[in-house]
Amino acid sequence: MLLYKTPDITFHVHVHGNEVRWYADFSGEALHMRGYRLPDQTDALLKEHLAAALILRSEWKKTLKDNNPGVFMDPFCGSGTIAIEAALMASCTAPGLIRKRPYAFERLPGFDQAEWDALKAEAAAARQKAIDERDIRIYASDVSKRAVRIAEEAARNAGVDGLIDFSVKDFTKFTEADCPSDVGYIVTDPPYGERMKVDDLDRLYSGIGTVLQNVFKGWRATILTGASDQLSNIDMKPDRTNSLYN
């Protein structure tokens, strides 16, 4: 069998007993790979589609329906994936607008370049309209200077750096001066000791709970964690819980 690493058209063949299914690849590079990732990354990397799923399950997503996005914050931003995905949603940025590589369907026979260009122009206009009309306030911070630098570069690569306020801060030490609004939404993925070493998880999650209760009283929080037993240290009863599979 002769295989090409960079074929013009890619086919996928699946054999199930006596049945053979033949598929033409329309996407090429996996759709969750938006194109803003950089070679230099943090140790615990959250995939784009998982970050998007987390945001979609949060209360913040509902504020977009009224064309008035609420204040958004990720205080454990790492490489910036959650904040960037939120900025893409708030600005109505179609993922294909920031994709660096062409889709596989662009090389298929019958591809209509003019129609595709018109669709992209329509998407770009919708993006600009959202940016002009919406008051987008997104904050992202992390205790790691390196992580914040990586996040800032990724945001520039995604074209949303002007929509996110980045800073180097320790969330467990936040005070009222660090709270940008009386009402807002925290969506975050704090470390839980699996891919990133944390000296004292109990203390970290207890600190998260203290800050949420004392500093962010009018806010809603959505927290992703692989250590569900640590959530008891936050000492707050959740409205609901969801299982996400990565």
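User: Buried means under 20% relative accessible area, exposed over 50%, partly exposed in between (1.4 Å probe, protein chains only). Which residues of α3 are buried?

Analyst: They are Thr81, Ile82, Ala83, Ile84, Glu85, Ala86, Ala87, Leu88, Met89 and Ala90. This is a predicted model: local features need pLDDT of at least 70, side-chain atom pairs need 80 or more, and totals for chains, interfaces and linings use all residues. Numbering starts from 1 along each chain as its sequence is written, and side-chain values use heavy atoms, without hydrogens or water.

User: Why is α3 called largely enclosed?

Analyst: Because 10 of its 10 residues are buried, α3 is largely enclosed by the rest of the structure.

User: What follows α3?

Analyst: Cysteine 92 does. Its phi is positive, near 55°.

User: Switching to rings. How many aromatic pairs are there?

Analyst: The count is 11. Rings of Phe, Tyr and Trp (its six-membered ring) pair if their centres lie within 6.5 Å; planes under 30 degrees apart are stacked, over 60 edge-to-face, the rest tilted. One of the pairs is phenylalanine 105 with tryptophan 116. That pair is edge-to-face, 5.1 Å centre to centre, with 90° between the planes.

User: Where do those two sit in the chain?

Analyst: Phenylalanine 105 is in the loop between α3 (81-90) and α4 (113-133). Tryptophan 116 is in helix α4.

User: Is each one buried or partly exposed?

Analyst: Phenylalanine 105 counts as partly exposed, at 21% relative accessibility. Tryptophan 116 is buried, at 17%.

User: What about phenylalanine 216 and tryptophan 219?

Analyst: Their ring centres are 4.9 Å apart and their planes meet at 85°, so this pair is edge-to-face. Phenylalanine 216 is buried, with a relative accessible area of 2%. Tryptophan 219 is buried too, at 9%.

User: New topic: threonine 222. Where is it found?

Analyst: Threonine 222 lies in strand β7, residues 220-223. With a relative accessible area of 18%, threonine 222 is buried.

User: And which residues does threonine 222 touch?

Analyst: Leaving out residues up to four places away in sequence, threonine 222 touches Leu54, Ser58, Glu59, Ile186, Val187 and Thr188. Contact means heavy atoms within 4.5 Å.

Methods:
Helix = DSSP H or I, 4+ residues; strand = E, 2+ residues; numbered from the N terminus.
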